[in-house]
Amino acid sequence: MQGNSQTIKKKSWIDNMLDKIERAGNKLPDPITLFIILAGIVLVLSWVLSMLGISAVQPGTDDVIEVKNLLSQEGLILILTQMVSTFTGFAPLGLVIVTMIGIGLAEQTGLISAVMKKIVMSAPTKLIVPFIIFTGLVGNLAADAAFIILPPIAAMIFMSIGRNPLAGLIITYAAVAGGFSANILISSLDVLLLGITESAAHIADPTYTGRATMNYYFLIASTFLLVIIGTWVAKKFTEPRFGTFNGEVEKLEPLTALEKRGLKWAGIVTLAYILVIAITVIPSNGLLRDPETGGFLNSPFMSGIVPIMLFFFLLPGLAYGIAAKEVKNDKEVAEKIFKSIADMAPFIVLAFAASQMIAFFNWSNIGSILAIKGAELLQALNFTGLPMMIGFVLICAFVNLLIASASAKWALLAPIFVPMFLYLGYTPAITQIAYRVGDSITNPITPMLPYFAILLSFAKRYDKNIGIGTLISSLLPFSVFFAIGWIILFALWFLFGLPLGPGDYIYLK
C-alpha cells in the first residue's frame, strides 16, 4: 500500500471471517449482564444437578462432593446474608483500587504521559521502532491509558522523521494490545488477575495463597522476545504496506520546561524510594525480610507488594504534579485521585456481578465437580502436559475475539481451569500465564476491544478513507507472529521446567 491507505473494495476471506466474529461479538450482552445471566444459570443448575444426585470424589481425600441446591431455603439465606461480604471480600476489588490510587494520580498529573513521550522522543532514529514497541509493552503499567496516550505520540514522531504516521499508529497499538501481559515491572494487571486466580484455586485448595509476582520471570523474557518479533514484523510488513506519507505534516511538541522539571523531581523521588526499599530488602536482616528466617520469598516485601506499588507511583506522581504545577494544593491532589477512581466505576460494578457468580459457583460445588470430572477425562484421554496447555492458550485466544475484557474472561474461565489443572498437578501460576498469553495474542485484531474504535479515529486523521479491514489486515501479522513466538517460548519454559516467578513453578511440589 503506497501513500495514504485506501478503502478495501473486495474483502479477503480473513476480513470476511473477522466481520463475522465482530457481528457475533456485538450480539453478546455487556459483561455485567453476562455475569448476571451466568449467575442465574448456576442457580438453576444447582437445583437440577442436586435433584439428579450428581457428585464426585475429591482426589487425595476420597470425600464425596455433592451439588448443593442454592434455590433451597438454606441456599437463598446464604446468598442474601453473604451478598455484601462476598462483594467486599472479592480479592481483585481491594487490590486493584489500592494500586490504582497511585497509578491514577501519576496518570492524572501527566507523569505517565510525559515519561512515555520522553522515552519515545529520546530514541535514536534507527532504533525508533524497537523503542516504541518496548514503550508500548511497558506502557501497560498505566493500564488502558497506554492505548490512548502512545499511538498518537508515535504517529507524530514517525511523521516528524519522514515516515508514515499510520505505520507508527499500527506498530504502537499492536505492541500495547498484543503484549498487554508482558512487562519488566509488576503492573495492576498482575494484581487484578492474582485475585481471580486465588479465588478460583480455593475451589480445589482453600489454603492456596498466590503472589502478584507469580509470572514475573516469564513476563520479563516475553517483553524482550516481543520487542524482537514486533520490530521484525514492523519492518517486514507494516512500513512497506503503508509506504510514504503524502499528507500534511504535523510536529510533535517537545516537552515543556515545566514537564522537564516535573520529570526531574519525579526521577529524584523515584530513586529515593527505590533506595529506601532496597535498604529494607537487600540486607538479610532488613525490615521487609522474613523476620524468622531472613528469607525473601515469604517476606513482608512480597506480601506487601501492592501497597509498595501504590507508593511507587503515588510519590513520583505527586512530585511531578507539584514541580510541573499540575497541582497547587492538597484539594487538587484529592480531586485527581477521585477522578482516577471514578474512572474505575465500570470495573467496580463488574466486580460485584462477578463476585456473586463466582460465589454461587463455589457454594454449589459445581465448580469442584466440573474440575474433578474434567481432570479425570483429560487423564483418561491422555491429553495432558504441553499439548493441553497449548490447547488452553488457543481457547483463550479465541474467546478473546468475542470478550475483550481480561478480567471478565478470566473470571469466567479461572473457576473451571485453575482447579482442573490443580487436580492434574499444575500450579495456578502456569494456568494463569497460559491464559495471559492467549488473552494477549488476539488483542490487536479483535474489534471487541473498545480501543480499536479509538485507533480507527486516530487513523482517520491521516487518511479519512481508511477502514476496519485495512487496520485488521495490518495488525494481523503482529497477532500471528506474536502467537508463534510466544507459544514457542511457553513450550520451552514448560519443557525445561523453569520457574515462572519468585517461588512459583509449573508443577505442584
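Analyst: Let's start with the contact itself: from helix 17, M389, F392, V393, C396, A397 and N400 meet I430, T431, A434, Y435, V437, G438, D439 and I441 of helix 19, where contact means heavy atoms within 4.5 Å. By type, the residues of this contact split into ten nonpolar, three polar and one charged (Ala, Val, Leu, Ile, Met, Phe, Trp, Tyr, Cys and Pro count as nonpolar, Asp, Glu, Lys and Arg as charged, and the others, Gly among them, as polar).

A word on the ground rules: this is a predicted model, with local features needing pLDDT of at least 70 and side-chain atom pairs counting only at pLDDT 80 or more, while totals for chains, interfaces and linings use all residues. Residues are numbered from 1 along each chain as its sequence is written, and side-chain values use heavy atoms, leaving out hydrogens and water.

Now the geometry. Helix 17 (residues 385–400) and helix 19 (residues 428–441) pack at about 40 degrees, their axes 7 Å apart. Helix 17 and helix 19 are therefore oblique to each other (under 35 degrees is roughly parallel, over 145 roughly antiparallel, 65 to 115 roughly perpendicular and the rest oblique). Their crossing is right-handed, meaning the near helix is turned clockwise from the far one by less than a right angle.

The protein averages 84, and 88% of the residues score at least 70.

How values were computed: Axes fitted to C-alpha atoms, helices over the stretch in contact; angles between N-to-C directions. Helix = DSSP H or I, 4+ residues; strand = E, 2+ residues; numbered from the N terminus. pLDDT = per-residue confidence, 0-100.
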